[in-house]
Structure formats: C-alpha cells, structure tokens
Amino acid sequence: MSGNVLVVTTSRADRLLIQEALQSADFDVTLALDGAEALLRLEMHPVDLVIADMTMPKVSGVELLQRLRSLDISVPVVLLVEDGPDKCAIEAFRAGAADVLRKEELTTEFPDALERVSDRLHDERRRRQAE
C-alpha cells in the first residue's frame with residue numbers, strides 16, 4: 001500500500017495513533033489540526049485519502065466533505081465519530097464519507113477500515129488508468 005493521506009483531528013493521541021498506523025503501511029502522512037487547516041493543505045498538496053474528525057472547531061468533518069465536493073476535489077474521506085447515536089454515522093455517509101470509524105474503536109477497527117479504503121483507492125487508480 002502507498003499514497004498520501006491527510007489526517008485531520010484535534011486529538012493529539014488520535015493523530016499519533018493514525019499517523020503511526022499509516023506510516024507502518026507505507027503511506028505518506030500530512031497532519032492538520034482542524035478542517036480549516038485541512039482545506040489550506042489540500043489546496044497546496046493533493047492527497048489520496050482524508051481521515052477527519054466529524055466534530056471539529058471552525059469546519060466540521062461534514063462541512064469539510066461538502067467544501068471538497070464544491071471545490072470539485074474528489075478524494076475519499078473517512079470520518080471519525082464519537083461514541084454515540086448512529087445518526088452521526090448516517091449523517092457522515094449521507095454527506096459522502098467513504099467510511100466511518102468510531103474513535104473508541106480506532107485501535108481495533110482502523111486496520112480493517114484502512115484496508116477497505118486502500119482497496120477502493122487501488123480500484124479508482126486502475127479505473128483512471130484504463131480511461
């Protein structure tokens with residue numbers, strides 16, 4: 001696996017956990033502290049995947065997704081949600097999230113989610129090459 005991933009979370013612990021997992025899977029990782037910073041980074045450097053908190057100051061994960069679509073930036077986004085109602089996950093998928101992970105399950109579920117999204121990235125690359 002390889003590619004460029006932007007990780008957007010206000011939690012230092014989550015950033016480090018995700019960064020280590022991605023780097024061990026040979027991904028290049030860029031970090032942002034919130035959605036506003038993420039948008040600036042994405043304007044400068046395109047990425048293959050965005051992993052972002054659903055709830056952030058300034059620009060939420062759903063708002064980030066909406067802004068990416070309005071800027072015609074097509075990149076899969078995995079949203080991280082707090083433990084709570086499933087309506088957060090439903091809202092994330094309706095907004096166009098490629099996947100949703102509960103923060104408390106990061107250590108156990110992240111490898112599987114990464115594999116699912118990585119498979120989609122690989123399929124998307126092959127599709128683009130075929131065009």
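**Interior packing and the enclosed cavity**

About 30 Å³ of space lies in the largest cavity of this predicted model. A search of the whole structure finds one cavity of 30 Å³ or more. Its lining is formed by Leu49, Ile51, Val78, Phe110, Ala113, Leu114 and Val117. By class, these lining residues comprise seven nonpolar, no polar and no charged. At least two residues of the lining come from each of strand 3 and helix 5 (106-130), and helix 5 contributes the most, with four residues.

The largest nonpolar core contains 25 residues, of which Leu6, Val8, Val50, Leu64 and Leu79 touch the most other members. Two or more residues of this core are supplied by each of strand 1 (3-8), helix 2 (35-44), strand 3 (49-53), helix 3 (61-70), strand 4 (77-81) and helix 4 (87-95). Helix 3 provides the largest share, four residues. Beyond residues up to four places away in sequence, Val50 is in contact with Leu6, Val8, Leu42, Leu64, Val75, Pro76, Val77 and Val78. A second, separate core comprises 18 residues, including Val29, Val78, Leu114 and Val117; Val78, Leu114 and Val117 are also among the residues that line the largest cavity.

A charged residue, Asp53, is found in strand 3. Asp53 counts as buried because its relative accessibility is 0%, and the limit for a buried residue is under 20%. When residues up to four places away in sequence are not counted, Asp53 touches Val8, Thr9, Thr10, Ser11, Gly61, Leu79, Leu80 and Lys103. Among these contacts, Val8 and Leu79 also belong to the largest nonpolar core.

How values were computed
Residues numbered from 1 in each chain as written. Predicted model: local features only at pLDDT ≥ 70, side-chain atom pairs only at ≥ 80, totals over all residues. Heavy atoms only, no water. Core = buried A, V, L, I, M, F, W, Y, C linked by side-chain atoms within 4.5 Å. Buried < 20%, exposed > 50% of the residue type's maximum accessible area, 1.4 Å probe, protein only. Contact = heavy atoms within 4.5 Å. 1 Å grid on protein atoms, 1.4 Å probe; cavity = no way out; pocket = protein on both sides within 12 Å on 5 of 7 lines; lining within 4 Å. Points joined across faces, edges and corners; volume = space filled by probe spheres on them.
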